Amino acid sequence: MIKLIKGGCYYTGGTLVKANRAFKTSEQREEARRSTMTWQIIKRHNRGDEENLRIRFDAIASHDITYVGIIQTAKASGLSTFPLSYTLTNCHNSLCAVGGTINEDDHVFGLSAAKKYGANFVPPHLAVIHQYMREVEAKVGRMILGSDSHTRYGALGTLGVGEGGPELVKQILNKTYDVKRPEVVAVYLRGNLKKGVGPQDVAIALCGAVFKNGFVKNKILEFVGPGIKNLSMDYRNGIDVMTTETACLSSVWETDEKTQEYYKTHGRENDYKELKPGDPAYYDCGIVVNLSSIEPMIALPFHPSNAYTIREVLDHPREILEEVEAAGRKLRGDDKFTLTDKIRADGVYVGQGIIAGCAGGMYENIAEAYEIIKGKSVGSDEFSLSIYPSSQPVYKALVDNGYISGLMESGAIVKTAFCGPCFGAGDVPANNVLSIRHTTRNFESREGSKPAAGQLAAVALMDARSIAATAANGGRLTPATEMSYTKKVKKYYFDSKIYENRVYHGVGKADKEEELKYGPNIADWPEMIPLGKNLLMKAVSVINDPVTTTDELIPSGETSSYRSNPLKLAEFALSRKDPGYVGRAKLVKEAEETRRSTGTLPDEILSHLKGIEIGEDTIFGSFVVANKPGDGSAREQAASCQRVLGGIANIAKEYATKRYRSNLINWGMLPLLADKLNFKVGDYVYIENISKLIAEGAEQIPAKHIGHGEVKDIVLRIDTLTPDERNIILRGCLINFNAGR
């Protein structure tokens, strides 16, 4: 199905060939490296040199979990108007079901900010963020930065990057996105998908091949090859948005007449142009995907890379499900979580199906799902099917073409555009239920359960076609390739009047006299203190899992209602992974406040230091230890919640994503590294002259580890920081850095 090419390769004459020294000289290779589509786009946006990129984006986008914090941060840093196109969508907290009025209060704040500073505002239920940006803002050759990890518009010729909110603040303040030139990976597509195989099947197979081995981590995927022409734009977009789950930085595709037709359908034909690599183009490594061999796939709990063919699961259900069941029992800390009970004499049964969001809710996914389930019933037992079209224009086209009425007739529930099923704010299944979803993620607790409270459901990712096939069989797991149906769907028509009549189009129309409308939950950021000359810090959480997701650092779902109040949201930090974290972190913060008011730390702290004399101007903070933190969401709150609780560092073997490391830095926290994590909760680390080391760009950080009844000299590491990143850490956070300038 998928072949990985390690080392360099060339795309030439429409084929991908492995590089060798005889094929090109180093000078020719560098010229061919500049022929990639990635470099064609980046060079027009780069304010730095070829190795140290300083990117200015054409547009930015946020949803209603992130935009309040971004605007508050930018306002505290000197915001006057938005200098580039900014789109605020309301697709994450649009239910307004938790926390009283606070979700809708934030929407009112967002509209007032769009009027005051000049932005577009997409009201709740109208569109999920990435579908709107595809329909309205993507252009061939453009670069878009979004405060959501699934900011991917590569199939439309746009380089989309998902980052934490502070990176958007930098763009708002006319600063740059700074990154080392990323490696570029050729994803060569050939062949044609079988009927019943959809975009999510390709995406799951790709995640399974490259995530765990880190093959494309922080790289840019460039889709090329003859197989592209055999994919519709909905299929391309569906594969593209899931590239986030490979841990890559971004993605881009060759464009063709189908791309041009997409832009024409959406009334933006002038935004299209041909985009192809030069010949030859050099890539740092390659991936060959034979579309003809892709089968219906399932990503079992608890990660999109836990990939199997549905056939494998049906052939060996007990063996495979027992492994996942064991992982779930470990999460809950008991033996009551079950998956093998889903196995019956005639197959494996699931309790819920969801087709939703930026990955699943597109027109063709839902139309083909209708064709599969047409004339059948989802049944009146436990199994349920919910469908969320990704935008009102998609919903209207499905209604006009008769698909919605047919789905409703089958017993499916059709709802408005909403991202909730992707992060646990909608259609939360019952305890021990296995849900199959065409959404983006299936991390533990992602669907809303709380293992620490004994609640754990499980989500498996599947394509909409196989979800529909399963629904047609009353919840019995079924690959769509076993179903007889017509793949041909009616033509899609985009109704632009929907957005013309409801979206507030405010880009370039700032009204400085407009007042921001604050709800009672919207709070300013608390003070962040600068880094002192020396640093003493205490371990307040040690996480031994191989990977720690941002959902575990700050839970998604109902907690996100408090995202506009930093102190209230921080109360939920690590609550599903380490319930004692917040209390321990608060004690450290209180001790630091004592030091600042009295000039010395409390005796109970000093007594643990084994006679070490700490120097003057030593700040005291907390740190979290984890093997590989930060997989998943771009939400800055995974870092900012630690910071407002007195956090000063993470110590890890590696960071799962660039965006999480960036979030730590932008909130004034040290992204430290260690080869061995021999720390326990309650241990101390003392670093002398930390401010000098950071200011001078040191990458080796001598420190003393105080724990296990002894003091050890250790060396921590920190990967290269840009001059601005060093100053942000020294000042205490991005807000302080900007205010100081």
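## Cavities inside the model

The largest cavity has a volume of about 170 Å³. Keep in mind that we're looking at a predicted model here.

Now for the greasy parts. The largest nonpolar core takes in 167 residues, and the ones with the most contacts inside it are Y86, L189, F223, I287, I298, L300 and L385. Helix α13 (residues 363-373) supplies the largest share of this core, with seven residues. Apart from this core lies another one of 40 residues, which includes I554, L569, V582 and L609.

Leaving aside residues up to four places away in sequence, L300 touches N306, Y308, V313, I320, L321, V324, N442, V459 and A460.

## Salt bridges, one by one

Across the whole structure there are 41 salt bridges. Let's pick out a few of them.

Start with E371, which pairs with K374; their closest N and O atoms are 3.1 Å apart.

Next up is K577 with D545, where the closest N and O atoms sit 2.6 Å apart. K577 is in the loop between α20 (566-570) and α21 (581-598), and D545 is in the loop between β26 (534-543) and β27 (548-549), so this pair ties together parts that are 32 residues apart in sequence. Both ends are partly exposed: K577 has a relative accessible area of 24%, and D545 comes in at 22%.

There's also a network to look at. Salt bridges link R29, E30, E31, R33, R34, E50, E51, R181 and D284.

How far apart are they along helix α21? They are three residues apart in that helix, which means about one helical turn separates them.

Both R595 and E592 are buried. For E592 the relative accessible area is 5%, under the 20% cut-off, so it counts as buried. Not counting residues up to four places away in sequence, E592 touches I529, I619 and F620.

Finally, have a look at strands β33 (residues 700-707) and β34 (residues 710-717). They run antiparallel and are joined by eight bridges.

What do β33 and β34 form together? They make a hairpin with two residues between the strands, and H708 in the turn has a positive phi of about 60°.

Conventions:
Residues are numbered from 1 along each chain as its sequence is written. This is a predicted model: local features need pLDDT of at least 70, side-chain atom pairs count only at pLDDT 80 or more; totals for chains, interfaces and linings use all residues. Side-chain values use heavy atoms; hydrogens and water are left out. A nonpolar core is a set of buried Ala, Val, Leu, Ile, Met, Phe, Trp, Tyr and Cys residues joined through side-chain atoms within 4.5 Å. Buried means under 20% relative accessible area, exposed over 50%, partly exposed in between (1.4 Å probe, protein chains only). Helices (H or I, at least four residues) and strands (E, at least two) are DSSP runs, numbered from the N terminus. Contact means heavy atoms within 4.5 Å. A salt bridge is a side-chain nitrogen of Lys or Arg within 4 Å of a carboxyl oxygen of Asp or Glu. Two strands pair if DSSP finds at least two bridges between them. On a 1 Å grid over the protein atoms alone, a cavity is a set of points where a 1.4 Å probe fits but cannot get out, and a pocket is an open set with protein on both sides within 12 Å along at least five of seven lines; lining residues have an atom within 4 Å of a point. Grid points are joined across faces, edges and corners, and a volume is the space filled by probe spheres set on the points.
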